[in-house]
Amino acid sequence: MFNLEKIIRANIKELKGYSSARDEFSGTAEVFLDANENPFGTLNRYPDPKQFKVKKRLSRLKNVKSEQIFIGNGSDEVIDLAFRIFCEPGKDKALTFSPTYGMYDVSAAINNVELIKQPLLADFQINLNQLQPYLEMDEVKLIFICSPNNPTGNCFNDESIEYILENFNGMVIIDEAYIDFSSRESFITQLNKYPNLIISQTFSKAWGLAGVRVGVAYANFEVIDLYNKVKPPYNISTLNQNAVLESLNNTTQFEINKNIIIKEKENLVKELKKIKLVLNIFPTEANFILVEVTNADTIYINLVEQKIITRNRNTLVDNCIRITVGSAEENTKLINALKQL
Ligand SMILES: *Cc1c(COP(=O)(O)O)cnc(C)c1O
């Protein structure tokens, strides 16, 4: 049985989080002499530490309660805080799959937590048989599931993810950075069913706000309380909260841009299929395409020489490069460059 109390790090369970001046007061006021701010200027006040407006807007959009939302400095903060809340450095472990997103590795290493990497099957799905023993290990506290997966582009079978959620007594973090490009439903709808579920989403991809650095975790409120306890008090700047609010107020533009990218992806796949150097194009539910080529290292370098940067994933998947779907113009430049090789 999953028991949240049992998997929280002892020091975090004991921790009394920082209570800012603004945290302790509620209602309206006119004179703020509590936080040693400067009375002059336009960005002179600390940002809302609870990001009330952003959460209210997201709560309606995602059909969850504000108490089920944590706003972080990019997904990086969502990932890092999971390690800090649940993993005892030098002792506990986390697990993810391979190939997948590289930041789980880095974040695990920073937090001195061993990250077990379970190879995916040939079709990039999860090998549940091989995973089973790890699900039963007490020291494994976190499982990261990136779906749609970076760099392979596929989603994992819902049944595999559900099996893990039902049979693992630690936290399961589903990284849905690319979910908006996929036709799959987000696991957010399953929050009421799974107390050990954290869903990580981001404004960096489909929302087009990579420069703003805002990531979001959705989980049950007991888990979100832990996130709030360990986060820096004013972790999201006023400028960033406003930028996110502005795009949340224009979901029409969001849909338009997203659909253009999806259409461009279909075009790009069609064009890539005609290129001789391209051996295989993996099915993708994200805004990038994993492409197997004759020689990834050479082709990557040749593209760089033509001032086009792709992501060489040869070390992760043999002779594969990952290509982000750009604008029609950018995609045409890529195709023309490839034709010349
Ligand atoms: C791009 C990406 C993110 C986004 O990270 P941010 O820190 O929010 O920009 C998260 N997860 C995966 C798998 C990604 O590829």
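Reader: In this predicted model, are H4 and H8 roughly parallel or roughly perpendicular to each other?

Author: In the predicted model, helix H4 (residues 74-86) packs against helix H8 (residues 221-230) at an angle of about 95 degrees, and their axes are 10 Å apart. Angles of 65 to 115 degrees count as roughly perpendicular. H4 and H8 are therefore roughly perpendicular.

Reader: Which residues in H8 do Val78, Leu81, Ala82, Ile85 and Phe86 in H4 meet?

Author: The contact of H4 with H8 comprises 8 nonpolar residues, with no polar and no charged ones. On the H8 side, the partners of Val78, Leu81, Ala82, Ile85 and Phe86 are Leu226, Tyr227 and Val230.

Reader: Which strands stand at the edges of the open sheet of 7 strands?

Author: The open sheet has mixed pairing and the strand order S1-S7-S6-S5-S4-S2-S3. One side of each edge strand is left without a neighbour in the sheet, because each has a single partner strand; these are S1 (69-72) and S3 (114-119).

Reader: What residue in S5 stands opposite Ile143?

Author: Strand S4 (residues 140-146) pairs with strand S5 (residues 171-175) in the parallel sense, over 5 bridges. Opposite Ile143 stands a residue of S5, Val172.

Reader: Which helix gives the most to the lining of the largest pocket?

Author: The largest pocket holds about 810 Å³ of space, and among its 30 lining residues the closest to its centre are Arg22, Asp23, Asp48, Pro49 and Lys50. The lining divides into 12 nonpolar, 7 polar and 11 charged residues. Helix H3 (52-62) and H8 each supply at least two lining residues. The most, 4 residues, comes from H8.

Note on methods:
Residues are numbered from 1 along each chain as its sequence is written. This is a predicted model: local features need pLDDT of at least 70, side-chain atom pairs count only at pLDDT 80 or more; totals for chains, interfaces and linings use all residues. Side-chain values use heavy atoms; hydrogens and water are left out. Axes are lines fitted to C-alpha atoms, for helices over the stretch in contact, and angles run from 0 to 180 degrees between N-to-C directions. Angles under 35 degrees count as roughly parallel, over 145 as roughly antiparallel, 65 to 115 as roughly perpendicular and the rest as oblique. Contact means heavy atoms within 4.5 Å. Ala, Val, Leu, Ile, Met, Phe, Trp, Tyr, Cys and Pro count as nonpolar, Asp, Glu, Lys and Arg as charged, and the others, Gly among them, as polar. On a 1 Å grid over the protein atoms alone, a cavity is a set of points where a 1.4 Å probe fits but cannot get out, and a pocket is an open set with protein on both sides within 12 Å along at least five of seven lines; lining residues have an atom within 4 Å of a point. Grid points are joined across faces, edges and corners, and a volume is the space filled by probe spheres set on the points. Two strands pair if DSSP finds at least two bridges between them.
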